[in-house]
Amino acid sequence: MPNKTETANVVTTILGYDENDPPDSVNGGLRSSAIPWLFDEWFHGDFDTVREQSLTDATGTKTLEEYTSSENPFPDWRINSAIEISFDTPDDKTVSNPQVQMTDPEDQTTPGGVAPVTLEGAPDEPTNPFRTVVDYDGSKNYQQATVKGPLTAGPEKVGPIEGVEGYRASIILGGSDPYLEQLKADGRTLASIAPGANIPKIIADFMLFVPTFYSFLDFVFMADGTTLVRVWDASMYPAHALYVGGTLEDQNEFDEGEEWVTQGDLTQQVAFDQFASEAGFTPFTPFDRYGSWLYEDTFRNGAPPHPVMVHRKSGTSISARSVEREETNPLFPTSV
């Protein structure tokens, strides 16, 4: 009996240049990524300025000079959220023995994962207060990102639609910066660790809640090969890319010079500004200050427009549009 398998991934990345090969010498070439303000001198980005065409390249690694060979390399991405659906089908219409795997950061056997947060601070770089003023990790100098979720739904059977069956599942997965969260939990301000720094209002707003990178991935896979993937929502910042079967199929708007810049004031960090504002003051995200229990109720009033990314592939018997007409609404996890 034939077995069919397909995987959908959302890879979240902080775009930027290699910190040791900056694009220019403004500010000493210290700020080389989409990370805003002094945060770019404290935390690493992912050393890539585009979304890669293949999932393999998108989930590669980077080597950081601050760490020993036994600690390197580190992921050059933030979150890799994945759903894998497989089943048997004797006739490309009916399904049996369905198996669904979704990212579980606590279980390394599942696809995807959440990357650690690493600290800058080579000998020739400015002092990093998270290595000197506060000590949240001892000599290790990196921590696993704070995992939010995963919130999951399914697997649930779909159809038959025009005589074809399938399966569907969804996942909402996020991650945030544990250093900034701990600083906030300790009641410490950025001014206390970076005396003399001019702290812009948007950074102060950001620190009130320390927003979360996240995506809401919803995947339908039918017996005839029809594939419908919708990323219903994703954090306004940073870059997100949708991969289906290991190939880039869609991405959010996150262009250098438009949504992010390596240098300049925060008025040019459009995506970050929206990210900080949305998470802190509106109940439109699944991991904001209101908690995920309000997310479904306010989903359709949120920003950006939903869905954020889509992939449709018709199969041998039915079209992806036919599936979309039947499966119109998001598959929300019960916890939201």
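User: Which residues in helix 3 meet helix 5?

Analyst: This is a predicted model. In it, Leu180, Leu183 and Lys184 of helix 3 do the meeting. On the helix 5 side, they face Phe206, Met207, Leu208 and Phe209.

User: What's that contact like by class?

Analyst: The contact of helix 3 with helix 5 has 6 nonpolar residues and 1 charged residue. It has no polar ones.

User: How are the two helices angled, helix 3 against helix 5?

Analyst: They pack at about 80 degrees, and their axes are 8 Å apart. Angles of 65 to 115 degrees count as roughly perpendicular, so helix 3 and helix 5 fall in that class.

User: Which residues of helix 3 are buried?

Analyst: Helix 3 covers residues 178-185. Its buried residues are Pro178, Tyr179, Leu180 and Leu183. Leu180 and Leu183 also take part in the contact with helix 5.

User: What caps the N-terminal end of helix 3?

Analyst: Asp177 does. One of its side-chain oxygens lies 2.8 Å from the backbone nitrogen of Tyr179.

User: How many bridges join strand 10 to strand 11?

Analyst: There are 10 bridges. Strand 10 spans residues 164-176, strand 11 spans residues 213-222, and they run antiparallel. One example is Gly174, whose bridge partner in strand 11 is Tyr214.

User: Last one: where is Ala197?

Analyst: Ala197 is in the loop between helix 4 (190-193) and helix 5 (201-209).

User: Why does Ala197 count as partly exposed?

Analyst: Its relative accessibility is 26%. Buried needs under 20%, and exposed needs over 50%, so a value in between is partly exposed.

User: What does Ala197 touch, not counting residues up to four places away in sequence?

Analyst: Ala197 touches Trp37 and Leu38.

User: How far is Ala197 from Ala82 in space?

Analyst: They are 40 Å apart, C-alpha to C-alpha. In sequence, Ala197 and Ala82 are 115 residues apart.

Conventions: Residues numbered from 1 in each chain as written. Predicted model: local features only at pLDDT ≥ 70, side-chain atom pairs only at ≥ 80, totals over all residues. Heavy atoms only, no water. Buried < 20%, exposed > 50% of the residue type's maximum accessible area, 1.4 Å probe, protein only. Helix = DSSP H or I, 4+ residues; strand = E, 2+ residues; numbered from the N terminus. Polar contact = N/O pair within 3.5 Å; in protein donor to acceptor, adjacent residues only side chain to side chain. Pairing = 2+ DSSP bridges. Contact = heavy atoms within 4.5 Å. Axes fitted to C-alpha atoms, helices over the stretch in contact; angles between N-to-C directions. Parallel < 35°, antiparallel > 145°, perpendicular 65-115°, else oblique. Nonpolar A, V, L, I, M, F, W, Y, C, P; charged D, E, K, R; others polar.
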